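Subject: Structure handover

Hi,

Here is the structure I promised you. Please open it alongside this email, and then read my notes below.

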Amino acid sequence: MRGEGVPGGYASVYRELRSLETLGVCRRGYFVQGLGGAQFALPGAVERLREHPQEVMPLVLPAADPAQPYGAALPWPKRAGARAARVAGAYVVLLGGAPALFVDRGGRSLVPLRDPDPDWLRPALEALVAHVRRTGQKRLAVERFDGEPVGETEVMPLLLEAGFLAGPRRAVLRS
């Protein structure tokens, strides 16, 4: 409701959602940890959430995608500061549903949304590389990581391992 800017907010549709629950069209519960208040979902979605494996599954979504809740229904991690936003052309890499990496519009900067660690950076970067290749982007040229020149950071070897090539002031991925 916050993300869509519905006048009156959640209270304005709560009564209707409760009626839909009575008809069996949706279910009420607490499905997403960290979101307060009653939540509503389609019955099939509830079952799929329960069946979802608990392993870390990387997912790359556009930052402004309604399916990507951060910056709308959920706040960005504090570590991101003001460097992450729901803007067109930016991406968020989610690991197990939690935000891991923000890719700014144009891909020049990567912002870690948690403390950098190779254990989560490897799968996040591999997911980003797979996304770039799958979507047919011509290239991704990363110049900064966590506000620092990428060549001077601990992520540079991981970028090279994931398939990027070292450039003079950047790491470049060509599809």
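Predicted model: local features only at pLDDT ≥ 70, side-chain atom pairs only at ≥ 80, totals over all residues.

Residues are numbered from 1 along each chain as its sequence is written, and side-chain values use heavy atoms, with hydrogens and water left out.

**Whole chain**

The protein chain has 4 helices and 11 strands. These are DSSP runs, numbered from the N terminus: helices are H or I with at least four residues, strands are E with at least two. The C-alpha trace spans about 60 × 35 × 30 Å along its principal axes. Of the 175 residues, 33% count as buried. Buried means under 20% relative accessible area, exposed over 50%, and partly exposed in between (1.4 Å probe, protein chains only).

**Cores**

A nonpolar core here is a set of buried Ala, Val, Leu, Ile, Met, Phe, Trp, Tyr and Cys residues joined through side-chain atoms within 4.5 Å. The largest one holds 28 residues. L101, L110, L125, V155, L159 and F164 touch the most other members. Elements that each supply at least two residues include β4 (91-95), β5 (98-103) and α4 (156-162). Helix α3 gives the most, with 8 residues. A second, separate core has 13 residues, among them L61, Y70, W76 and F102. In soluble globular proteins, nonpolar side chains tend to be buried together.

Leaving aside neighbours within four places in sequence, L159 is in contact (heavy atoms within 4.5 Å) with L110, L125, V150, F164 and A171.

**Strand β6**

β6 covers residues 109-112. S109 and V111 point one way, L110 and P112 the other, and all are buried. β6 runs antiparallel to β5, joined by 3 bridges. Strands count as paired if DSSP finds at least two bridges between them. L101 has P112 as its bridge partner in β6. The β5-β6 hairpin has 5 residues between the strands, and G106 takes a positive phi near 90 degrees there. β6 also pairs with β8 (residues 144-145), in the parallel sense, over 2 bridges. There, S109 has R144 as its bridge partner.

**H131**

Is H131 buried or exposed? H131 is buried, with a relative accessible area of 8%. H131 sits in helix α3. Not counting residues up to four places away in sequence, H131 touches V60 and Y91.

Best wishes
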